[in-house]
Amino acid sequence: MKPLDTLIIGGGMITNDLLLPSIYHLQRTGRAGRISVCALNSAPLRALAESRELKEAFPGQSFDAFPALTEAPDKMFANLYDEALSKLAPRQAVVVAVPDQFHYEMVMACLKHNQHVLCVKPLVLNYAQAAEIEAFAHARGLYVGIEYHKRFDRRSLVAKRQYEAGHFGAFIMGEAKLIEPYYYRHSNFQNWFTCDKTDPFVYVGCHYVDLVYFITGLKPVGLSVSGVKGRFPNGKEGYLWANGRVRYENGALLTVTDGLGYPDDAAGSNDQGLLMYCEGKNATGMIQHNDQDRGTHYCYLDNIGCAGTKYNYVSPDFYRLVPWQGGEGAQPVGYGFDSVAGNIEAMLRIESETAGLPEKEALARRQAMIKAIDKQGILATPANSYINELVVEAARLSIVNDGAWAEIVYKPTPHVKLR
Ligand SMILES: NC(=O)c1ccc[n+]([C@@H]2O[C@H](COP(=O)([O-])OP(=O)(O)OC[C@H]3O[C@@H](n4cnc5c(N)ncnc54)[C@H](O)[C@@H]3O)[C@@H](O)[C@H]2O)c1
């Protein structure tokens with residue numbers, strides 16, 4: 001298989017914490033080719049290039065920077081991603097990792113440049129855009145994946161298989177929470193996480209909404225989300241907390257609590273988990289995942305833990321660097337890496353199985369392969385995760401209307417409306 005050149009658009013937290021190290025590892029194991037990273041300005045790119053952790057884990061590996069590292073750190077290049085895209089050969093891989101509100105224009109630009117795309121969640125902020133992306137990509141035989149990595153957590157995969165086998169009964173009542181650390185308020189979040197753009201339910205609640213759909217296949221039919229506003233250190237106003245209640249097609253209810261406020265001094269490093277009660281025949285079933293404390297507790301000598309702490313609950317499951325047996329340095333392991341690798345490998349399979357075919361035949365084969373991925377429902381695609389866009393759209397409608405109930409209607413075409 002010929003490795004795919006990979007462009008990451010966005011040089012922020014998720015690029016540093018998951019995407020770039022994962023792509024570096026895919027590069028040295030022959031799945032990714034040349035790597036480039038594009039950001040708004042050179043400052044975050046310099047931080048990535050100079051990161052001690054990345055240098056130690058991936059000795060000798062580097063990326064092409066857009067803008068160049070020699071540019072002034074604060075000089076902005078809002079449209080440079082288009083130039084970075086035009087430097088790629090057709091049908092390579094682009095990872096979109098910019099703030100949510102730019103996903104639509106960036107993903108469409110990637111597709112117009114004839115590239116496969118992996119987009120961080122949420123794909124876009126409304127259903128119509130997700131449907132447009134799906135149709136546009138399908139017509140060109142291009143793969144679009146959404147990086148819902150919780151689908152790759154082994155516990156999610158176990159729960160999905162056993163739920164489908166009927167071992168729990170039908171989901172009926174549950175709660176999920178994901179409270180991100182307080183220090184997020186001091187990060188670049190304060191520039192874009194404003195009330196008019198997003199909220200904690202849309203930002204992280206969507207992970208658990210996607211997961212309940214992934215496990216059960218039940219579609220959400222309505223929801224209410226209420227927020228609590230507050231000010232970021234730069235004075236901008238955002239929803240710092242959100243609480244949602246989602247109704248499913250079988251009548252089930254899921255409560256989702258999210259926020260940017262897990263104490264920096266706590267062992268966390270955030271707070272998260274899922275509890276689902278299910279109705280069976282003369283008995284109930286239950287799925288309970290503690291996604292915060294996975295049983296590994298470390299106390300460091302120095303304050304190298306999350307938010308400068310010493311005592312931490314360390315999750316070995318999402319993303320960690322561990323010794324690499326294949327050579328010098330370290331390798332990423334965990335469901336975050338599995339998710340990135342799974343998406344890039346899907347693109348690789350599509351390309352390698354159609355290489356050399358006449359164009360018409362290649363297109364038909366690519367389209368069939370993408371439909372099969374949609375149907376399998378493990379990798380998140382616009383076709384098999386569009387309920388998330390409906391939920392995001394309904395959530396925004398609800399939260400800006402003080403928690404009013406928003407309905408999700410599937411026929412004749414999916415849409416949301418206030419009750
Ligand atoms: N658990 C998860 O799945 C997870 C976790 C964190 C973030 N995310 C998602 O990742 C995305 C980015 O989050 P983050 O935390 O990395 O944000 P961040 O604010 O740290 O970084 C955003 C990056 O986007 C870049 N950017 C903005 N506009 C650009 C443009 N026009 N051209 C090129 N680059 C541009 C900025 O330069 C910056 O490097 C968001 O959509 C977020 O929801 C997902």
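Predicted model: local features only at pLDDT ≥ 70, side-chain atom pairs only at ≥ 80, totals over all residues.
Biologist: Is Cys-119 buried or exposed, then, and why?

Modeller: Cys-119 counts as buried because its relative accessibility is 0%.

Biologist: And Cys-38, buried or exposed?

Modeller: Cys-38 has 4% relative accessibility and therefore also counts as buried.

Biologist: How many disulfides are there in the whole structure?

Modeller: The search of the whole structure returns 0 disulfides. For Cys-38, the nearest cysteine sulfur belongs to Cys-110 and is 10 Å away. Cys-119 is likewise in no disulfide, its nearest cysteine sulfur being that of Cys-110, 8.4 Å away.

Biologist: Why do those distances rule out a pair?

Modeller: A disulfide requires two cysteine sulfur atoms within 2.5 Å. The nearest sulfur is 10 Å away for Cys-38 and 8.4 Å away for Cys-119.

Biologist: Turning to pockets, how much space lies in the second largest pocket?

Modeller: The second largest pocket holds about 200 Å³ of space.

Biologist: Which residues are the closest to its centre?

Modeller: Those are Glu-175, Lys-177, Gly-273, Leu-274 and Leu-275, out of 14 residues that line the second largest pocket.

Biologist: Which strands supply the lining of the second largest pocket?

Modeller: At least two residues each come from strands E7 (170-181), E10 (253-262), E11 (271-279) and E12 (284-290). E11 gives the largest share, with 5 residues.

Biologist: How do the lining residues divide into nonpolar, polar and charged?

Modeller: The lining of the second largest pocket has 8 polar, 3 nonpolar and 3 charged residues.

Methods: Residues numbered from 1 in each chain as written. Heavy atoms only, no water. Buried < 20%, exposed > 50% of the residue type's maximum accessible area, 1.4 Å probe, protein only. 1 Å grid on protein atoms, 1.4 Å probe; cavity = no way out; pocket = protein on both sides within 12 Å on 5 of 7 lines; lining within 4 Å. Points joined across faces, edges and corners; volume = space filled by probe spheres on them. Helix = DSSP H or I, 4+ residues; strand = E, 2+ residues; numbered from the N terminus. Nonpolar A, V, L, I, M, F, W, Y, C, P; charged D, E, K, R; others polar.
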